[in-house]
Amino acid sequence: MALLEIDNLSIDYPINIGTVQAVRDVSLYLERGEVLGLVGESGCGKSTLGLSILNLLRPPGKIVGGEIRFKGKDIVSMKRQALMSLRGKDIAMVFQNPLTSLNPLIRIDRQFLETIRQHDPQFNKEKALKQAENILDALGVEKKRLYDYPHQLSGGMRQRIMIGIGLIMNPEIIIADEPTTSLDVIVEAGFIDLLNRLRKEFELSIILITHNLGMVAEIADRMAVMYAGRIVETGSADQIYHNQFHPYTYGLINCVPNINLDQEELITMPGNPPDLVDPPKGCPFSDRCPHVMDRCRNELPMLTERRAGQSVACWLYEENGEPPWKN
Amino acid sequence: MEELIRIDHLSKEFPVYRSLLDVLFAGGKNPMVHAVDDISFSIHKGEVLGLAGESGSGKSTTGRLILRLIEATSGKIEYRGKDMQEFSRHEMEVMREKIQIVFQDPTSSLSPRMSVGEAIGHPLKIHGIADKEERKQRVSKLMERVGLSPVDFLYRKYPHQISGGQSQRVVLARALVTNPEFIVADEPIAMADVSVRAMILELMRELKQEFSLTYLFITHDLATAKYLCDRVAIMYLGRIVEIGTRDEIFGRPHHPYTQALLKAVPVPDPAARRTEEVVRGEIPSAIEPPAGCHFHPRCPYAKAICSEARPPFKEISSTHRSACVLD
Amino acid sequence: MRAKFSPASAIGRPFKLLIDANRKYGLEWWLLVIGTLIVLFIIFLAFFPQTLAPYDPLDQDTGPQLSPPSRENLMGTDNLQRDIFSRMIYGSRTILGVAFSAAIISSLAGVTLGLLSGFLGGVIDRILSLIMDSIYSFPGLILAIAFAAMLGPGVFNITLAVAVIYIPTYFRLVRGQTLSIKEELYVEAARAIGAKRWTIIGRYIFPNAIATVVVIFSLNIADAIMTEAALSYIGLGLPAGIPDWGMDLSMGKKFLPSGTWWMVTFPGLMIMILALGFTLLGEALAEILNPRLLER
């Protein structure tokens, strides 16, 4: 049994013109101590998926099917009490823009204290501060920063504080949604190093949600590629980057400039993701896929394991062939 | 190669906003931010010069200075050998046809109340080029060229009705409609989705060939800079620290900041994971930057002389300069 | 209440459109409909009073003096034997005319000054803002009375008096919008393509600033209606010949103690309904337009 299991999860977002099928039949798992990279472009549902794990979906978004199991217990049907205990303590979430995620009116030390007191209202203040200091130490932030307000800190420091608040209760899983978007290149690199150190030191498991293919390659063990609310491919980072199966994955990996290579041309994928209020019948990528077949337009391919540890949802591999671009 | 733009000791200072208390108690002169601090370089006809740096480097300000959207504090900007700051009204009008800018956020660059067709055609109207019929034709042809089709359908659409990728194409078309020869592209792909970035980059390449354009490509993403640019200038806290050809900068970086930056760039390849630690520290405040070489507090090779005076440029080759006293 | 669009009478596509709109906008949509109906109805009365009014409003022989509502005089007669119902109908012209004209003058002046002040800034902005703030800080009605008294009677003067007190509202709104739009990227982009100052104000700032003005306009008219009625109630209004709700209300006041309620009630009702109509229209528009402006 994996630490976190997502089983056939579907999420809907009813809006005035219809219902957006934001996430459909997503199954994923996260083992203890591993980093899972959840990649995709905007609108693919990855952030929605991330939020749903802790049942943080904003209404009218709601989970309409499937289960999310943490250590065997289903989160979707959890009662409020248990859910509140889970959040922050067992599973913590780190968001994209720390300036807006941190309360600008509250000093950093109090934000830590608040988090701790959420789970244990009687927790000793001195002890709490000591723990916060320890965390800041591990994060490479000076202790005196505890007495600052968010706006007095730099972007990189704020992001570290966010992680710190996430870690203060020693969670087992951290879900990080685009944690480096607002950071400069060098700070971003430092942040990734930090995450790597933390996962070893604290035995953390991390779900990294991002569209930054360079960043996720630096740290992920396994990856899942999302498109139009569905998982189209999963595998180890190495498999996804070097031996992809799905045409979308191939396009995604090869449309990114790589500073180590001398690239002649980048792959482009003309077209747009499908309308999720009225999704197409077959494979959602069929109208953009350079290798589309008739079957793709009519039947939805299921995520199937094609190689050890690597699964893909694509009709090209029914006969266990090789990807068409390998010829 | 013909020199199209020449920047000579260009500087731009911004006064720092101070609260009433600051003014009353701190007194003294208003602190200034040296957004651009005495930079000099040229842009040759037909090339793509990259201006790369992190936040606070002054790259965006430089772009705006060249277009005279903001006025320089000191220094010269020459266009085709003539001082732009001495331009007559007529010369300025011509300049606005020949030099264009594309901003980072395409949707915000378009007036919400102007349709796609109106927006693209507006420069023609302003400069009194072509009558209404001919304008429409030119706009339609350009829309076709940048991939905005079906033209009739999109002509009447408003910015909020089209996607981000389409918006950027509209902005590109608008920049091209007066047949410019030089375009400043200020992070044109930063806000676009991963696959859309590749399309815009490829489009920009094609347009450059077809319309004989020269680009100043402002970016924080060095991988993209390597892909697109012929020469690159690296900026840090308002100064150019290194400038050279693509091969020189990416193959033989001299300045410690350039080296650190290149090492920190995330590579979309798990096999190429960074093994070294990144340079420590963060970008210091632009209001009171470190004395001498701005980078010295973070530089692993810093010597005493580095904090004393601004390092002069060292000519490594006829095309490669680095503002560092070492080696 | 008239129901021009009762579901029973509308069929097919129009029916579906209405239901969809209702689902989409909810209560605001109904308010919009009611407000629009009221306004349209009164406008109709103003343009074609003859269709509904049985008598000439100045006719002093339409029935017995001070008679209560009856079949011949639907709303009764006043002390000069004039038919109140007809006076109400014809009175719509007056009040709409004044209120509407005042709103037009206010908006034209306020919007223009707001645009200029916001865009140009500096001394001009400071002086104009000072003047506008002064006007704004005065209780509207008091100021209108002062102006009306100063300018003297007459339709045009009353319109002007009512108009002046609303200029600051438009000014502040548009100036605020201008200040924020000025910083938008598309304004900078407009400068980059060579747009001159007036093109920027006219083509880029103005179209993006006036959205909320439309809403204010409707509420403005509602307020102007009340102000005009108040002015004529006090007697600062129009010459005696013109049928005017406010003046009729004032006249009717005298006869109320003797139980003649119809001279007061009907003018009062009409003022209230018309003001309500424009208010509903304005508020509903505000709700409907605003989220759409922010929608992708």
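In chain A, strand E6 pairs with strand E7 (residues 173-177) in the parallel sense, over four bridges. Strands pair here if DSSP finds at least two bridges between them. Helices (H or I, at least four residues) and strands (E, at least two) are DSSP runs, numbered from the N terminus. A:Ala92 stands opposite A:Ile174 in E7(A). The model is predicted: local features need pLDDT of at least 70, side-chain atom pairs count only at pLDDT 80 or more, and totals for chains, interfaces and linings use all residues. Residues are numbered from 1 along each chain as its sequence is written, while chains are lettered from A and ligands numbered from 1 in the order in which they are written.

Helix H6 (residues 155-167) of chain A lies across E6 and E7 of chain A. H6(A) runs at about 165 degrees to E6(A). Axes are lines fitted to C-alpha atoms, for helices over the stretch in contact, and angles run from 0 to 180 degrees between N-to-C directions. Contact between two residues requires C-beta atoms, placed from the backbone, within 7 Å. Helix H10 (residues 247-254) of chain A also packs on the sheet, touching E9 and strand E10 (230-236) of chain A. The direction of H10(A) makes about 105 degrees with that of E9(A).

The sheet of chain A is open and has eight strands, in the order E6-E7-E8-E3-E9-E10-E12-E11, with mixed pairing. Strand E6 (91-94) and strand E11 (304-307) of chain A stand at the edges; each has a single partner strand, so one side of each is left without a neighbour in the sheet. From one strand to the next, the twist averages 20 degrees.

Strand E3 (residues 35-39) of chain A is mostly covered, with five of its five residues buried. A residue is buried if 20 or more other C-beta atoms lie within 10 Å of its own, exposed if 12 or fewer, and partly exposed in between; the C-beta atoms are placed from the backbone. In a regular strand the side chains alternate between the two faces of the sheet. Both faces of E3(A) are covered. A:Val35, A:Gly37 and A:Val39 are buried on one side, A:Leu36 and A:Leu38 on the other. Five bridges join E3(A) to strand E8 (residues 205-210) of chain A, and the two run parallel. A:Val35 has A:Ile206 as its bridge partner in E8(A). E3(A) also pairs in the parallel sense with strand E9 (residues 222-227) of chain A, over four bridges. There, A:Val39 stands opposite A:Val225.

A:Met226 has A:Ile231 as its bridge partner in E10(A). The two strands form a hairpin with two residues between them. A:Ala228 in the turn has a positive phi of about 50 degrees. Six of the seven residues of E10(A) are buried, so this strand is largely enclosed by the rest of the structure. E10(A) pairs with strand E12 (residues 310-312) of chain A in the antiparallel sense over two bridges. The bridge partner of A:Thr234 in E12(A) is A:Ser311.

At the interface, 34 residues of chain B are in contact with 36 residues of chain A. Helix H8 (194-211), helix H9 (222-228) and helix H11 (256-264) of chain B each supply at least two residues of the side that touches chain A. The largest share, six residues, comes from H8(B). This side of chain B has 20 nonpolar, five polar and nine charged residues. Ala, Val, Leu, Ile, Met, Phe, Trp, Tyr, Cys and Pro count as nonpolar, Asp, Glu, Lys and Arg as charged, and the others, Gly among them, as polar.

Within chain B, the axes of helix H4 (residues 116-126) and helix H5 (residues 132-146) come within 9 Å and cross at roughly 125 degrees. H4(B) and H5(B) are therefore oblique to each other. The contact involves B:Gly117, B:Ile120, B:Gly121, B:Leu124 and B:Lys125 of H4(B). H5(B) contributes B:Arg135, B:Lys136, B:Arg138, B:Val139, B:Leu142 and B:Met143. These residues divide into five nonpolar, two polar and four charged. Angles under 35 degrees count as roughly parallel, over 145 as roughly antiparallel, 65 to 115 as roughly perpendicular and the rest as oblique.

Chain C has 13 helices and zero strands. Of its 296 residues, 43% count as buried.
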